[in-house]
Every structure is written in C-alpha cells, then in structure tokens.
Amino acid sequence: MDKLRDFLKSWPGRILLILCLSPLALLGVESYFGGNVDPNQIAQVGEASVGLSEYQTAVNSRRSEVLEQVEDASLLNEDVLHEQVLKGLIDRTLLEQQAGKLGMTVSDDTINRLLRQEEIFQDAEGNFSNDQFSNFLRQRGMTKNQLFAEFRNQLSLDQLNASIVGTAVYPMQAVSQLIDLQLESRNVWVHRFNWQDYADKVKLSKADIQSYYDANKDTLKSAAMVDLAYIQLSPQTIKVDEVTTEELQQQYEAYKQSISATDERKVSQILFTGKDAKTRADKVKARLNKGEAFAALAKAESDDPSGETGGDIGRFNPSVFGSDADTVQKALEGLSVGDVTAPIKTSFGYQIFTVTEDNGKKVPSLDSMREELTAKAKEYKRQEIYADKVTSINDLAADGFSIEDIAQQENVSLKRIKDYRKVNNKSALPQPAVVKQAFDEFTIQDQAVTSGVEVGNGTVWLQPSNYRPTKTLALANATPRITQILRQQKATALALKDAKALAAGIKTLADISKQSVSFQALGEINRQTTQLTDKERGLAFSQQAADNGVVAIASETEMGATLLVGDRIKTEQQSPLSDMQRAQTASIIRDNLGQDQLQDYLDYLRMVYTVEINESNMANAQGR
C-alpha cells in the first residue's frame, strides 16, 4: 500500500488517477477517456467530437463534486452546471487537436523510461517487474497500449498548457509596486450625497421618456413570471406520538449493533417447577443473599438437568427463552459477574440467574440511555412519517390532483407567491432547482403539480399558473421603469454637481469645517478598510495631496455621489512580506495571468476550429 500511495503521488500516478479513478479534464471539468464513445454527439469540434455518454459522465461527476460541498441540493443551478461542463469538454477537445497539429507528443521510450523508475513496478532487487506491471494493468482492466495512449494524450495536453500558461510575465518590480500599494494609508474625511435627496428637483418630459425608450427598447423587457401556489413540508413540522417500550428497545438494540456489541456473558440458572415453585425460589434466593454458592444450590435445588453442572447454560442466547426472552433479558440487564437476579416467573416456572463470566464489551444500560434513546426513537418516527407523507403527496401529484386538493387532503398549509420571477428571484423560494421546476415547459402547459423538490431539509411541491413570458415592453408599460432610471440618473448628476462644487473649495484641512455639509472623519485608513465601498476605496487613494494640504475628490458612486478628502498618502517603510513571500506572490500573479492567456488562446482556437453544438441532444441530456 505504501508503494501504491507513493506511486499515486508521482507524475504517472497522478495522470492515472485523473484518467481512471476520478477523471478530471485539463481545465477542472471532468472528462473520461477510454471505452466506447456513444455515437450520439453533443458537439462537433473540428474533426473531433464530444459524445453524449462522455458528456453525461462528466456532468454526473461534476454534480457529485458540487453536492459534496453544498448541503442544500436545491442551490445547485443545473443549467450553469451543464454549461460549464460542456465548455470544459470543448476546451479540452480544442487543445487536444491543437497539440496534435503542433506535433506535441511523448514517445514510447520516454513513457517506458519513466514507468521503469516507479517503485510500484519494481521487484525486491529494484528491477522493473513485468509481472507487477501486468497485474497493475489487469486490476484496472487496461492494456499497455491503452495506458500509453492515455498517458501520451494527457502529457501532450500538459505540454501545450505549460507552453501557454508559462509564458505569462509579471516582473518583480511590478510585484513590489503592487505590494507597496497595499501598505499605503492616509487620513480621510467623507460626505455622501444621496441621489434620492435630489429626486424632487428632477423634471422629466414625455420627450425624455420617448427618447430613452427608442434608444433602449431591446433591453426593456418584462420578466418571465408565473403565479405560484405551493406546499412545503419538513420533518420539523411532523408531530409524533410518545415512544413505546418496544420502540425504545429497538433503538437500544440498534445502538448495541452500532458499537458491535454482543452479549458474551455466560449464565447459570436454578429452575423451580411445581405448585410450590415460588416458595422454593424465594427460600433459595434468601440463601444466596446470605452468601451460599450458586453452583452448589443449583446442584441441590434445580429442577433442570443443568443443575448437575452448577446450573451452567452457556452464553446467553435470547432465542432459547422464546416468548420469555424479553423478560429474562431485562432481568439480566446491567448485571456483572457474580450478580444474581430475583426469582423470575417464566413459562418454565420460576428461575434465578447469575452471570458467571463476561467477555463482551461493556454496554450502558437502557435506563442510563433512556433520554438519548427516546430522542432517537422520536426522530426515527418523525423521519418515517415524513417519508410516508412525501410519498403520498408525490402520488397525489402524479394522479393529477390540484395543489389545493393535496393541501386539504394532507392537512398542509397552502401558500402562494404572485409574480414569481424566473430571473432575479428574491421570493421565499429563490433556489435554482425550484425556479427550474416552476418554469418547466410541461408543468406550465399542463398546469400540473410538480413532484417534490428537496429544499434544505424539507420538500416543496409547486403548481404554477398564469405564465407570462418575457417580451419587449410597450412604451406605456416601460414608462414607470424608464422614469425611475432617468430620475436616478438626473438626480445623481445633480448630487455630483454639488459634490464637485464643494470639492473645489477645499484645499487645506481647515477648509473642511467651513463647508455647508458635515464630514465624517474616518481617521487613518488603508486600501483594505471596510468603511468605504469598493469604488470609494479606489477613489480614496487615486490622488496625492500637496505637502501640508489635502486633496478633495468628488465622484459618482452607487448611492449618488461621494466627496472624499484625504491628506498626504503615507507608505510603510517596512514591508510585512519576506523575499520568499514576494516571490510566491509573483508566482500566483503569473499563474493568474497565464490562465487569462489560456482563455485567450482558446478563443483563438474557436476561430480556427468549427464548433457546432447539437442543441437537440443537449436538451435531452438536460431533461428538457
């Protein structure tokens, strides 16, 4: 195992891991190479193609990865997932063809040489072993030619990728300048002009609205909407009855199984039968309490053949006692070696038991775990009822019942959302999986109730109605939106005008207090301050102030306009980064630039190779 682990850390091991275990494409999107490719194509890329089966395998792999990181599956946007996977597969196919065209390949001799150096393929003397190599291939269902072909393909892609990404240049001087910027600080005063305070001063004419409409008609569209009726169910809303003794015992047995606990106690008994069995049992119990030996009394008093061996009946086995098993088990619960039970009435008569040996794992008694087991039993019942209810509602939806009828029959609250949007959804149900179901073509056409959609720790069922597709708005319908846009634009311009007028009169620190508006003193800030917005942080360090003076900067911002006043920018003399950290920073920056260059190169390849997507197969693969 150590050899295998070390091998998987090496370059061929990592490639094999990529190709055989958790197939990932070069750009982080899964792909699979090997086996037969489905003749149905998702995309034609130059002379190569992306097969339907390859695409579906990649989607499933990617989905599994994402769901491992996201607790709520409804947050997964399937459309985006499919789009990213397809792009990754096309990108890889483009790079494969280009690598072949450029003659980037690896010879068999090179692969042979590299594999011979791997310890996993070497015998005890350190020599390459054909037997170990053959076993390795056989375990993975591969031939040598398949392995070599896949290694060669991956290494060719690695060469091309490195040749593009590795050309990114970002000099250390530029890195130092970038780091130094993060060390800058200055004292800042700020005043913000809210555009809404100027809205009443804005005058709009019909001509203004008509002009904006004519110039922006294509962007003035209504949102796709439905009216949504839905019911939502979660385990927390399920009421459960009190836990029974049987249910508690079931949880206890399940707990013992979970810790692999078995009853390894050896037990002895004294059996009393006949009309005077109870009286005799009580007398023997009294003698036991006084210290007489259990084995001796079993030989003298027991009516069972086991008395001859001191009452020994071996390891405790509940099945031996039939319908009395629970009674005997409860009597023995918590007993240690040497402890003796009280006389127990069973179908055999009256019995007294003792534990003579215990080689099993110590298990807490049911009573000591009662509170915990009760909670588990309740939760088990709750989940069971919840699962049954989900199945029942799904069956009703499949049978064509309306959401109102289902809510009434299942005694679940019916909720409604008017104008439920397909995009920019900020309702109580904004999850992508819910939106996708609400706007499903067949659901809208049939006005049907969807099957359950898992949301967080619950399930929701939807019935959309009154579907309104997106369309270009008529002038009358667009006027309220245009009015809002123009009013904000013009009010912002007025706010900026005032900000610039004030800025012109601020040259010194004393000028700040002379203005007609009050400024908030932020004190000394740096580029990482959270007291300013992203845009304001950029403005705050955009201009240097004169010696012994301040600089006033006015600019349009998200809320209207901002007037920032800053004193002289100061830079720390001592950088917190070592030379090694600076080198690492430069490497990260170059990698990022390299990835940008790779994307530019892929855009170029899309012009060189024709890419055609089979929309019909794509729709089928996405379940549309």
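This is a predicted model: local features need pLDDT of at least 70, side-chain atom pairs count only at pLDDT 80 or more; totals for chains, interfaces and linings use all residues.
1. The pLDDT averages 84 over the protein, and 87% of the residues score at least 70. Among the elements, strand β14 (residues 560-566) has the highest mean pLDDT, 97, while helix α2 (residues 11-21) has the lowest, 42. Over residues 1-38 the pLDDT is below 50, although this stretch has 88 contacts in the model beyond near neighbours in sequence. I would read that part with care.

2. Now back to the strands. How many bridges join β1 to β2 (residues 48-51)? There are 4, and the two strands run antiparallel. Find Gln-41 and you will see Gly-51 of β2 standing opposite. Strand β1 is also joined to β16 (residues 611-613), by 3 bridges and again in an antiparallel arrangement. Here Gln-44 has Glu-612 as its bridge partner.

3. In soluble globular proteins, nonpolar side chains tend to be buried together. In this model the largest nonpolar core has 23 residues. Ile-42, Tyr-55, Val-85, Leu-94 and Leu-605 have the most contacts inside this core. The elements giving two or more residues are β1 (41-45), α3 (52-69), α4 (78-101) and α21 (579-608). Which of them gives the largest share? That is α4, with 7 residues.

4. Not counting residues up to four places away in sequence, Ile-42 touches a number of residues, including Val-50, Tyr-55, Leu-86, Ile-613 and Met-618. Another core, of 20 residues, lies apart from the largest one; among its members are Ala-199, Ala-503, Val-550 and Leu-563.

5. Finally, have a look at Thr-341, in the loop between α13 (325-332) and β7 (344-346). Is this residue buried or exposed? Thr-341 counts as buried because its relative accessible area is 4%, and the cut-off for buried is under 20%. Leaving out residues up to four places away in sequence, the contacts of Thr-341 include Lys-285, Leu-335, Gln-351 and Phe-353. Ala-331 is another residue that Thr-341 touches. These two residues are 10 residues apart along the chain, and their C-alpha atoms are separated by 6.5 Å.

Technical notes
Residues are numbered from 1 along each chain as its sequence is written. Side-chain values use heavy atoms; hydrogens and water are left out. Buried means under 20% relative accessible area, exposed over 50%, partly exposed in between (1.4 Å probe, protein chains only). Contact means heavy atoms within 4.5 Å. pLDDT is the predictor's confidence in each residue, from 0 to 100. A nonpolar core is a set of buried Ala, Val, Leu, Ile, Met, Phe, Trp, Tyr and Cys residues joined through side-chain atoms within 4.5 Å. Two strands pair if DSSP finds at least two bridges between them.
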